[in-house]
Amino acid sequence: MPEQPTPPERPLPSMPPGPYLSGGGRAPEDGAIAATGMGGAMDLATEEGASLQKVPGGPDGTGPQDKPRSLWSDAWRDLRRNPVFIVSGLVILFLVVISLWPSAIASGNPLKCDLAKSQEGSQPGHPFGYNGQGCDVYTRTVYGARVSVTVGVCATLGVSVLGSVLGGLAGFFGGAWDAFLSRITDIFFAIPVVLGGLVLLSVVTSSTIWPVIGFMVLLGWPQISRIARGSVITTKQNDYVQAARALGASNTRMLLRHITPNAIAPVIVVATIALGTYISLEATLSFLGVGLKPPTVSWGIDISSASQYIRTAPHALLWPAGALAVTVLAFIMLGDAVRDALDPKLR
């Protein structure tokens, strides 16, 4: 039989450029879903999974991955946007600066007095006038910030450390130690602060600030202890603490690594607000004559000495009292802003 002629080969149809799936279909564009076979679906899932692992940032799609934000980073972001925190922070920063370098804005001597100028009003170079002893009220008001801020900061640090340690250990271990500490705190809560100061500080003859700070620490730690105890009890029940315990972590590691960073926020909030309270408490005790004593320069001492001249020289009372009120208000506002930023329930 004669050989049949071989038909000419038909050219394959040209296909537009673009990505293709293993089943032969063209990959969907603009996020459209295409009907593909099992192989095409697997390829598409593989490509999308690989793309999710890349973070845009460079020409090849790779770049540094975003770190998860913590409670402290979120709190700092909220604080920077809070005008209350900014205003109170600036006031406190100014108080700290004049406490460290009071001579920067007051060149006079706070202990230098001239009875010939007693109760005189504002004069050039002496904008606040003179008190009953002829001392410059402006200079004494500026130098009084050093003592008040020092007492408040030192008392807050002592109360926070002592109360956090005792309360944290009681909340973590529980048992007899927790019951014993709870009864001790109940006893201290029953002591009125001002009355306790009148009794304890009336027998102290020292004119330094340390007896006053020691008294505040002695009667102030139960409040921080209660806060720390409750925060530790709540934190130690979280899953990550139980997982660390199951993996064999020691008590020291769990306290320092897992519990303390997550339980310290309420203590910071209460301590910030209490700092202003301790400053006002020092002024109250000095006003009653059992706190700081002359020649120490303090707002409480100046308010006490100027109270008897309130009708003839009210300026000698208003300026130190106003400085005290602004300072206490600034720390209370700062504590409120920190509380709003650290409390997730208020977000």
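The side chains of Arg-77 and Asp-78 form a salt bridge (a side-chain nitrogen of Lys or Arg within 4 Å of a carboxyl oxygen of Asp or Glu), with an N to O distance of 3.9 Å. Asp-78 is partly exposed at 25% relative accessible area, and Arg-77 is likewise partly exposed at 23% (buried means under 20%, exposed over 50% and partly exposed in between, with a 1.4 Å probe and protein chains only). The model is predicted: local features need pLDDT of at least 70, side-chain atom pairs count only at pLDDT 80 or more, and totals for chains, interfaces and linings use all residues. Residues are numbered from 1 along each chain as its sequence is written, and side-chain values use heavy atoms, with hydrogens and water left out.

The protein chain contains 12 helices and 0 strands (DSSP runs of H or I with at least four residues, and of E with at least two, numbered from the N terminus). Of its 347 residues, 36% count as buried.

By the stated rule, there are 7 salt bridges. In one of them, Arg-140 meets Asp-302 at 2.9 Å, N to O. This pair links distant parts of the chain, 162 residues apart, with Arg-140 in helix H4 (residues 137-173) and Asp-302 in helix H11 (residues 299-306). Arg-140 is buried at 10% relative accessibility, and Asp-302 is buried at 6%.

A further salt bridge joins Arg-226 to Asp-186, with the closest N and O atoms 2.4 Å apart. Arg-226 lies in helix H7 (residues 210-235) and Asp-186 in helix H5 (residues 175-189), 40 residues apart. Arg-226 is partly exposed at 37%, as is Asp-186 at 33%. Through shared partners, salt bridges connect Arg-183, Asp-186 and Arg-226 into one network.
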